[in-house]
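This report covers selected interface, sheet and residue-level features of a multi-chain model.

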Amino acid sequence: MEIRDRIRRGEMSALEAVDEALRQLDVVNPRLQAALQIFPDGARTAAAAIDRRLAAGEDAGPLAGVPFTVKDNFCTLEGHTTAGSRILESFASPYDATAVRKLKEAGAVCVAKTNLDEFGMGSSTENSAFHVTRNPWKTTHVPGGSSGGAAALAVSTGGMIHLGSDTGGSIRQPSACCGASGLKPTYGRVSRYGLVAFASSLDQIGPIQSSALDCALVLETIAGADPMDSTSRDLPVPRYADEAQQDIRGLRLGVPAEYFPEGIEAEVEEKVRAAIEVFREMGAEVRDVSLPHTRYANPAYVLVSAAEASSNLARYDGVHYGRRSVSASGLVDMYCRSRGEGFGAEVKRRILIGTFVLSSGYYDAYYLTALRVRNLIRQDFEKVYREVDAVVCPTSPVPAFPLGDRIDDPLKLYAVDVLTVPANLASLPGMSIPCGFTSEALPVGLQIYGRPMQDEIVLRLACAYQARTDHHLRAPPVCGWRGGEEGG
Amino acid sequence: MDVTDELVAKIARLSRLALGEEESAEMKEHFRKVLGFVSELESLDLEGVAPSLFALDASNVQREDEPAPSLPAGAALANAPAAHPPFFLVPRIVGDAGEPEMSP
Amino acid sequence: MSAAAAGRDPLESTRFEAVIGLEVHVQLLTRTKMFCRCEARFGTEANALTCPVCLGLPGSLPCINRRAVESTVRVGLAFGSEIPLLTKFDRKSYFYPDLPKGYQISQKDDPICKGGRVEFFVDGEIRVARLVRIHLEEDAGKNIHVEGRPESWVDLNRAGTPLMEVVSEPDLRTPREAGDYMRMLRQVMLYLGVSDCNMEEGSLRCDCNVSTRLRGASHLETRTEIKNLNSFLNVEKALEHEIARQIRLRETGREAEIVQETRLYDPDRGETRSMRGKEEAHDYRYFPEPDLAPLVFSPEWIDGLRATLPELPLVRLGRFQEDLGLSAYHADQLVRDKEIADYFERCVESYRQPQSVGNWVLNALREELRSRGVGIEDIGVAPERFAELVRAVDDGAVSTQKARDVLRAMADSGRPAAELIREMGVEQISDDSFLRGVVQDVIAAHPGPVEDVRRGKRNSINFLVGQVMRRTKGQANPAMAMSLIDELIGSPPAE
């Protein structure tokens, strides 16, 4: 992370770094609408405090002065925490999410909160209650989602850390769409405390950067057990940045036939297969594997995630915080109207489906069935991981699509998650890195799956690939820092 | 299965979601589509496959019974849409029979 | 007048019997709430004991309070429940303002304790009620309905405090049994120290399921549920009224009007009332709580907790009768309160006269506690010192009456009995030769009454004893004085 090293060496102050980040946001955000909130005053104050500590010779932390953004479903003391929803439009969190706190304790400075599909539900960021975000490579196209704001900024700005969250692909799919490097760590690797829950057994926090090595650095800071999250694992945190730079020779990679399904775009398949060849050239051992239940993953995901979401979103009832309808008469009417007015269409769809699958008479047929299928997906991976160290495949069967193209047909939108949801169902680490561009100059994502708690193997493969290729270095037309065509 | 208006209305009520007429129709259609989409799972033989109830193998995560400070005074109500400090305020809770409703 | 209104067993002299099962909610005594580290206590400003977790704020997550789990396991062990090695939490969903997350974290399929049995006394006879389960959950907050206002108030201080639910099989047959069952639950909780069982603060709350059927039948009829009863008396009264109502309906051929429903008990009007109308069918949509890993216990860990169990009330009751020779009544009175029973045992260790010690503990000591409004731990009289006082009474060193004054002084000053008896000048004179001299003087001075006594007028002896007391400033041992008078006058012995 160049910016970190420059501040450390005294070539740049924290305030200069933050000012540069704010300048870049000023350039790109009007075009991309990637940030929901920017905190120039708070960020400059925090940076000045870091500079004072540095000037006094204090240790201001390993990420001293590095600006960061978080998706707006992270609770922050700064601004509001909206989760992209009207229902939380004016909610001010009295606490920081653990991942945010860890970044701040490491000396990083919160500069902005990024756009997302409402509560993380979507794959295009078009479900944000506030505005759509545009793809920096082609502003008529979606950035992917739900961490679309973070992914768009990761490639169009420089010198910042971006955190996203991933429930069914929400870090990896927008990373693929925007040509960013995004890691969904193993479930339990990063505390979820303070992440506005969508589906608790699937949600995980991770970085979206312009390089895999930066992802490793960020993971090193945010990973680890948290007494506030009972599902965070109490396992040692490796030095991911060092681990990521180890040799990949001899690693065994599985290529599952099921991950090149019918309907995959030819250019996507072509770029991914070419990337796999690069691994082979670098000394990895590549072999075909089978994950036979892959096609059942998405239906199971739709049921499990909706069920948990219906429960997790029950708290938004207009009683203790959040939006309350003014036109209600009586308590039950107040609930129904507050929620009816506060939630967007896709969120309502998922709440209804989730309520249905948990309701009396349908639980076994839908919810339990989905959990059995979840087990099959896990078993698929357990078997494959006896033979290989990682799985490589496309992140999404399609590159970024035009705004409005899929939003009217929820199932068409769900379909783009088909290759990312298995990592969430099986609690595995998964990463997307750019591996080429389509003829329309849209990025294509290569996905790497690892064994549980072997995030460093995933990062190592990604770093090795990026050491050999330059897709991740290409600047999009809308760019705040690398002299892109329209940016400056 | 047959997705009826009644089913959608019942689930919406259970979810405490007010739906307009058009929205209800759209939701009914969505139910139909999603149930069609997931019907693929019916073809699987799941005999003897245990449901994955938890995302982790971990167990026994517990904490000691040691207090930590609560939020500072007033913070609980800071986001309240309506308050009568130090209380949250809600429309009067009255059941149809004229009785104060009880927590179920 | 209905049987219930007359306060009698509503089942007496009918062809029917009642089938009763109780769900008792016990607030556990922990320092912190069930899933967050806010203090679990009462008496502070509303909503002051809250944090992101118990307010249900976005992003917050629960963490299990180890002590609450241990307390529940200990209760299960006390009642002989099975403690499965795997237990988990589930979400129970419903919307209510006192439930900030829109779901309660509870336990459905895998409670901490399965089965078990509660033994208790009804009129001196032992009864048994089997348990279905004991599980752990979080309590809700409080909704406050202010008369004449268009809104309700919500206080979440109680939200998230640990609540244990003890569910019995429908093994109880009368309101009295239900009350005594609940009294035993309370006693055991107090013995285990897992709850203060403070009824006024709602630490013990009960839902009653009750149905009625022809005596001797084995099937179960439609049951009603009476919710949220918070005293033994209310449990018994509510059941009496509800049973009487059901029997009235059966006797008049209207049993179809007994429907499965929730009813409220109105103590002022002496009736239970249907809550029909408000209730849509509840569908709680239970599913495993994904934010909490399951709990997996080892048999060694469970055995370790078993070793912490104190002697339970019924066992102690038997021991007090058999080993210490106490009457059933005294033994029962003593074991009711663990602190009292412990104190009693320590007294007996230093003065092995269980019956007189028991008497003194139950009467003088308890009265002193009542008048001071303190618990036994705060009275400031060590059991060894209390035993010395009882011994002094038994030895005739102080009168029963004066001993009460001495006890008060002991509690005030913390000083030993012997010292105070001397200092207060309340030593009882039991010295035979000294008293003999006094009695001789009295006999010489009052020939008339002496003559009366000789003729069998027993009333006059009281006058003579009074004279002895007067001459000794009340310190003479009155029993000794009387027998000396009889002896010296040569009167016929008292009948």
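Two residues are in contact when they have heavy atoms within 4.5 Å of each other. This is a predicted model, in which local features need pLDDT of at least 70 and side-chain atom pairs count only at pLDDT 80 or more, while totals for chains, interfaces and linings use all residues; side-chain values use heavy atoms, with hydrogens and water left out. Residues are numbered from 1 along each chain as its sequence is written, and chains are lettered from A and ligands numbered from 1 in the order in which they are written.

**Chain B.** Among the contacts in chain B with a separation of 6 or more, 23% are accounted for by residues 24 or more positions apart. Helices and strands are DSSP runs numbered from the N terminus (helices H or I, at least four residues; strands E, at least two). Chain B has two helices and three strands, arranged along the sequence as α-α-β-β-β. Of its 104 residues, 41% are buried, where buried means under 20% relative accessible area, computed with a 1.4 Å probe on protein chains only.

**Sheets.** Two strands pair if DSSP finds at least two bridges between them. An open four-stranded sheet with antiparallel pairing draws on chains B and C, in the order β2(B)-β3(B)-β10(C)-β9(C). Its edges are β2 (83–84) of chain B and β9 (142–145) of chain C; each has a single partner strand, so one side of each is left without a neighbour in the sheet. Within chain B, His84(B) stands opposite Phe87(B) in β3(B).

A further open sheet has three strands of chain C in the order β5-β4-β16, with antiparallel pairing. Here β5 (103–106) and β16 (287–288) of chain C are the edge strands, each pairing on one side only. Ser93(C) stands opposite Tyr103(C) in β5(C).

In chain A, strand β7 (residues 252–256) is mostly covered, with four of its five residues buried. Gly254(A) has Arg287(A) as its bridge partner in β8(A).

| Strand pair | Bridges | Sense |
|---|---|---|
| β2(B) and β3(B) | two | antiparallel |
| β4(C) and β5(C) | four | antiparallel |
| β7(A) and β8(A) | five | parallel |

**Interface of chains C and A.** The contact takes 29 residues from chain C and 39 residues from chain A. About 2700 Å² is buried between these chains, 60% of it on carbon and sulfur atoms; buried area is the accessible area (1.4 Å probe) that two parts lose on being put together, summed over both. Pro58(C), Leu61(C) and Phe95(C) supply 23% of the area that chain C buries against chain A, more than any other three residues.

One salt bridge is found across this interface, the rule being a side-chain nitrogen of Lys or Arg within 4 Å of a carboxyl oxygen of Asp or Glu. Asp291(C) forms it with Arg192(A), with the closest N and O atoms 3.0 Å apart.

**Ala199(A).** This residue lies in the loop between β5 (181–184) and β6 (204–209) of chain A. Why does Ala199(A) count as buried? Ala199(A) counts as buried because its relative accessible area is 0%. Leaving aside neighbours within four places in sequence, Ala199(A) is in contact with Thr167(A), Ser305(A), Glu308(A) and Asn312(A). The C-alpha atoms of Ala199(A) and Glu308(A) are separated by 5.0 Å, although the two residues are 109 residues apart along the chain.

Conventions
Buried means under 20% relative accessible area, exposed over 50%, partly exposed in between (1.4 Å probe, protein chains only).
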